[in-house]
Amino acid sequence: MGQLEHIEAIEKRLWGAADTLRSNSNYASNEYFMPVMGLIFLRHAYSRYLAVKDEIIANLPKRGGKVRELKKEDFSQRSAIFLRPEAQFDYLVALGDDRDRAKAVIEAMESIESDYTTLKGELPKQEYQELDNEVLGQLLRSLNPEELKQVKGDVFGRIYEYFLTQFADLKAHDNGEFFTPVSLVSLIANVLEPDRGILLDPACGSGGMFVQSAHFVEDRQGNPHSLTFKGLEKNPTTIRLAKMNLAVHGLEGDMQKAITYYEDPHELLGKANFVMANPPFNVDEVDEEKVKNDPRLLFGLPSVNKNKKISNGNYLWITYFYSYLTDRGRAGFVMSSQASSAGGTEATVRQKLIGTGDVEMMVAIRSNFFYTRTVPCELWFFNRAKLPQHKDHVLMLDARNIYRKVTRKIYDFSPEQLQNLLAIVWLYRGQEDKFLDLVRDYLDRTLSAVNGCFESVDGYTKAIALFRDKMTPFVKGISEVSKGEVAPMQEFEESLTTLIKDVEVFRGDGDRELALWQKQAAMTNADLNQAIIRLAPLAETSRDFVKQADLVYKLGCRVMDWCEKEQAAKDSDRWSSRDVTKERKAADLARQEAVEQLKLVRYFHKQAVWLTERFPDGKYRDVQGLVKLVDHAELAANDWSLTPGRYVGVAPEEVDEDFDFEETLRDIHIELEGLNAEAVDLAAAIAQNFKELGI
């Protein structure tokens with residue numbers, strides 16, 4: 001298997017297996033996450049080990065006909081971890097029930113720590129002593145599914161992030177604040193474009209900023225080891241998570257235990273090339289005496305209350321982040337939306353900060369992007385090497401209307417939404433070629449989706465025809481007896497015939513556009529706009545086909561229902577319910593595949609339309625309700641507020657032509673299920689409280 005096609009299903013299944021520890025161990029829900037993450041760490045380390053082992057062995061030097069033994073350095077050069085035999089996951093999985101699995105896992109962790117000093121004392125060990133030997137064996141086997149053994153790519157890195165996400169959602173550690181959603185971290189990394197030098201995260205949590213920065217470098221065929229990761233974190237357990245997170249991605253970093261308000265153990269004032277962070281919001285009661293002389297406070301103290309406490313720590317973080325940067329450094333961080341328009345002394349600090357000309361960009365994010373808090377937030381970006389023409393401006397981007405719904409409580413950005421936001425930044429920076437490349441990519445994917453439709457729609461029409469053919473003999477028999485036309489079957493056949501004919505027209509149009517597209521080489525903005533217009537009919541037809549495909553299937557099911565009733569009434573033996581049901585299920589699967597493929601045509605075309613409607617000339621411009629380049633004079637007139645919504649205005653109301661009633665109904669159903677589940681948990685908790693009170 002080259003790539004794992006159903007990673008979401010695998011993730012959920014693995015999580016379900018790991019979650020059984022809550023009922024099969026002595027650990028509370030806020031304790032079992034570390035032993036689980038330790039096993040995920042081991043499994044991923046083994047995956048990376050196997051991915052490079054054979055190639056390393058093939059290139060090992062020989063002396064006197066003897067091959068040199070494997071060393072840690074061989075694997076470090078390939079962003080993998082060297083594993084001794086006792087630390088390899090297959091060895092642990094193969095242990096019988098007569099063996100002490102907890103002891104074996106502890107020895108595996110110790111062997112890794114002996115080779116990697118940055119992990120010394122950080123990997124979970126004694127936590128496994130509390131696990132039943134059989135339960136631990138079952139968990140080891142569950143985390144080693146067959147379909148993952150040959151998969152390529154950083155699949156277990158993704159699974160590690162998925163588990164961090166789930167534990168954050170459960171608030172299983174530090175109230176879930178150790179984890180920043182990948183969607184936001186990826187946006188920050190791609191705006192900052194870290195490539196080399198020191199990357200500091202003064203509130204590093206589980207290390208997501210480091211991992212996404214490494215992904216950014218790797219995606220551009222660079223070496224992530226060109227970045228030096230430095231972190232600060234107050235919680236020692238979170239530091240362990242961060243070091244493990246980096247290790248499973250083949251990375252290392254220097255994470256120090258510190259309360260960043262008062263401590264700066266890395267001593268990086270003015271030395272960091274990049275700063276990325278998601279600090280805790282709105283922290284109060286920071287001691288003024290401990291921070292008032294801190295050299296990182298370049299713009300003075302924020303508001304201090306009568307008790308000599310900083311009443312809100314947001315501007316301590318903001319100022320610290322700026323102070324760490326070199327004279328060409330860049331910073332991107334998450335901050336409470338309250339901070340961008342805070343009054344009092346905070347407004348004075350903000351004015352001084354804006355006066356440097358280094359505040360580059362603000363992005364407003366809607367609520368529900370975080371797992372543990374529903375409040376909206378904003379992303380701040382500093383750039384001490386801004387283009388001269390932008391020195392007295394700040395880019396205001398309101399992304400609150402850009403999101404997709406993951407669950408009833410959680411939103412994020414789709415990959416395309418993320419790219420579209422980045423495209424706006426590219427235009428602002430004068431990188432029009434990257435914008436055009438993205439539009440071209442969307443159109444290329446549109447036509448690839450069209451090409452994919454031919455096979456999937458053909459498969460559907462054949463499957464639905466077989467479904468029809470299974471019912472035809474019975475329907476004809478009934479028709480001959482009744483001497484009349486059978487209306488349900490007639491409507492079904494007419495709709496199927498129309499679909500097949502329309503598919504042929506669609507194929508012809510698609511082939512013509514594919515041939516034309518392949519002939520075009522370099523395309524200007526005008527060429528791309530024309531291509532978007534030309535492909536619009538194909539996109540619209542694909543949407544119509546979805547409705548047609550669904551209608552034909554529904555009509556076929558209506559015929560089947562009619563036949564079932566006729567068979568029951570006449571007690572006919574010519575009807576084979578099992579055979580017909582088999583063909584109906586096959587037709588439904590083929591329909592689902594065809595519909596998903598058809599939807600891709602319009603989806604990718606819509607992405608190109610979204611960009612070119614807002615930026616028709618392929619150059620930056622202000623767009624009402626979305627983005628505006630604001631000068632310092634306008635900021636001064638608005639109390640130096642950095643709230644994007646205050647400047648960009650309200651977006652024109654758009655009609656959603658693709659409103660999907662069934663999908664909306666599913667969303668409502670999901671929300672109802674979630675509320676019902678919460679109600680059951682609440683009822684159980686109340687019952688337990690009454691029981692404990694003896695009521």
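Phenylalanine 506 and phenylalanine 545 are both buried, where buried means under 20% relative accessible area, exposed means over 50% and partly exposed lies in between (1.4 Å probe, protein chains only). Their ring centres are 5.2 Å apart and the planes stand at 90°, so this is an edge-to-face pair. The cut-offs here are simple: rings of Phe, Tyr and Trp (its six-membered ring) pair if their centres lie within 6.5 Å, with planes under 30 degrees apart called stacked, over 60 edge-to-face and the rest tilted. The pair ties together distant parts of the chain, with phenylalanine 506 in helix H17 (residues 487-519) and phenylalanine 545 in helix H18 (residues 525-570), 39 residues apart. Helices (H or I, at least four residues) and strands (E, at least two) are DSSP runs, numbered from the N terminus.

All of this comes from a predicted model, in which local features need pLDDT of at least 70 and side-chain atom pairs count only at pLDDT 80 or more, while totals for chains, interfaces and linings use all residues. Residues are numbered from 1 along each chain as its sequence is written, and side-chain values use heavy atoms, with hydrogens and water left out.

As for the chain overall, its secondary structure comes to 22 helices and 15 strands. Of its 695 residues, 51% are buried. Among contacts (heavy atoms within 4.5 Å) between residues at least 6 apart in sequence, 76% join residues at least 24 apart.

Back to the rings: searching the whole structure turns up 21 aromatic pairs. One of them, phenylalanine 333 with tryptophan 380, is stacked, at 5.8 Å centre to centre and 25° between the planes. Phenylalanine 333 and tryptophan 380 are both buried. They also belong to one aromatic cluster, whose members include Tyr261, Tyr262, Phe299, Tyr315 and Trp317.

Charged side chains turn up over rings too, the test being NZ of Lys or CZ of Arg within 6 Å of the ring centre and within 35 degrees of the ring normal. Lysine 290 has its charged end over the ring of tyrosine 262, 4.8 Å from the centre. Arginine 296 lies over the face of tyrosine 320, at 3.8 Å from the ring centre.

Helix packing comes next. The axes of H9 (residues 182-192) and H10 (residues 208-219) come within 9 Å and cross at roughly 55°; axes are lines fitted to C-alpha atoms, for helices over the stretch in contact, and angles run from 0 to 180 degrees between N-to-C directions. That makes H9 oblique to H10, since under 35 degrees counts as roughly parallel, over 145 as roughly antiparallel, 65 to 115 as roughly perpendicular and the rest as oblique. Residues making the contact include Val182, Val185 and Ile188 of H9 and Met209, Gln212 and Phe216 of H10. Helix H6 (residues 101-115) packs on H7 (residues 133-142) at about 50°, the axes 9 Å apart, so H6 and H7 are oblique to each other.

Finally, glutamate 267 has a positive phi of about 50° although it is not a glycine. Glutamate 267 is in the loop between strand E5 (253-257) and strand E6 (272-277), and at 57% relative accessibility it counts as exposed.
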